[in-house]
Amino acid sequence: MMADGVDFKDLKRRMDGATTAFQHDLASLRTGRASANLLDPIHVEAYGSPMPINQVATVSVPEPRMISVAVWDQSMVNAVDKAIRESNLGFNPIVDGSTLRIPLPELNEERRKELVKIAHQYAESAKVAARHVRRDGMEHLKKAEKDGDISQDELHTQSDQVQKMTDDTISAIDKLLTDKEAEIMQV
């Protein structure tokens, strides 16, 4: 809906983008179960430029506590091994030919709390992104009202809609965070 005010579809799309990015960030957090997404943040120095690990190898999960990385180019095995070790994710890969096996140790209580803190940081970043979208929408509305494109009543009505959209997005982010926190703390 756009009545010379704000494009609500665009605002909704941008807020959904913040939520989607947050979900992607959460997927890369380790919860005690192996997941191919755990290696998403890792970039490998390949052929002179950094590349995501999934562009130089196939990442799979053959067992609940094991990640397997099948490197396509034998000459890249050491670079992939080095990137995983230096990723600060606490992984210690075992090289087996052109395949790296990454056993996932049990998470201790301290590491679980660290992961929860990281999840909270991701959530705050997503909320800030949603608030930026709200700010953009509100500024657009105020400008439209100042230019005489919409009335004060319409400004108030549309401002309430933008705020409700923001509140709904932040609620969704909080729910995702709560679910992930429970998953991380589950022993």
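**Close-up views of a predicted model**

**View 1. The pairing of β3 with β4.** Strands β3 and β4 are joined by five bridges and run in the antiparallel sense. The coordinates shown here and in every other view belong to a predicted model. The two strands form a hairpin, with two residues between them.

**View 2. The open sheet of four strands.** The strands of this sheet follow the order β3-β4-β6-β5, and their pairing is antiparallel. Which strands stand at the edges of the sheet? They are β3 and β5 (94-96); each has a single partner strand, so one side of each is left without a neighbour in the sheet. Direction ignored, neighbouring strands are turned by 25° against each other on average. Strand β4 pairs with β6 as well, in the antiparallel sense and over five bridges. Helix α2 lies across β4, β5 and β6, and runs at about 20° to β6.

**View 3. The largest nonpolar core.** This core consists of 23 residues. The residues with the most contacts inside the core are L39, I53, I67, V69, V80 and I84. Two or more core residues come from each of β1 (43-46), β3 (57-63), β4 (66-71), α2 (77-85) and β6 (99-103). The element that gives the most is α2, with four residues. As a general background to this view, nonpolar side chains in soluble globular proteins tend to be buried together.

**View 4. The surroundings of I53.** Which residues are in contact with I53, leaving aside its neighbours within four places in sequence? They are L39, I42, V44, V59, V69, V80 and I84. I53 itself is named among the core residues with the most contacts, as are L39, V69, V80 and I84.

**View 5. The packing of α1 against α3.** Helix α1 (residues 8-27) packs against α3 at an angle of about 170°, and the two axes are 9 Å apart. An angle over 145 degrees counts as roughly antiparallel, and α1 and α3 are therefore roughly antiparallel to each other. On the α1 side, the contact is made by L11, R14, M15, A18, F22, D25 and L26. On the α3 side, the contact is made by A119, Y122, A123, A126, A129, A130, V133, R134, D136 and G137. By class, this contact has twelve nonpolar, one polar and four charged residues.

**View 6. The packing of α1 against α4.** Here the packing angle is about 10°, and the axes of α1 and α4 are 11 Å apart. That angle makes α1 roughly parallel to α4. Residues F8, L11, K12, M15, T19, F22, Q23, L26 and A27 of α1 meet Q158, Q161, V162, M165, T166, T169, I173, L176, L177 and K180 of α4. By class, the contact has eleven nonpolar, six polar and two charged residues. L11, M15, F22 and L26 take part in this contact and also in the contact of α1 with α3.

**View 7. S159 in helix α4.** S159 lies in α4, which covers residues 152-185. Is S159 buried or exposed? Its relative accessibility is 15%, and S159 therefore counts as buried. Leaving aside neighbours within four places in sequence, S159 is in contact with M138 and L141.

**View 8. R111 in helix α3.** R111 is found in α3, which covers residues 109-146. With a relative accessible area of 22%, R111 is partly exposed. The C-alpha atom of R111 is separated by 13 Å from that of E181, and the two residues are 70 residues apart along the chain.

**View 9. Y47 in the loop between β1 and β2.** Y47 has its place in the loop that lies between β1 and β2 (49-52). Its relative accessibility is 61%, so Y47 counts as exposed. Phi of Y47 is near 55°, a positive value in a residue other than glycine. Most residues other than glycine have a negative phi.

Notes. Residues numbered from 1 in each chain as written. Predicted model: local features only at pLDDT ≥ 70, side-chain atom pairs only at ≥ 80, totals over all residues. Heavy atoms only, no water. Buried < 20%, exposed > 50% of the residue type's maximum accessible area, 1.4 Å probe, protein only. Core = buried A, V, L, I, M, F, W, Y, C linked by side-chain atoms within 4.5 Å. Contact = heavy atoms within 4.5 Å. Axes fitted to C-alpha atoms, helices over the stretch in contact; angles between N-to-C directions. Parallel < 35°, antiparallel > 145°, perpendicular 65-115°, else oblique. Nonpolar A, V, L, I, M, F, W, Y, C, P; charged D, E, K, R; others polar. Pairing = 2+ DSSP bridges.
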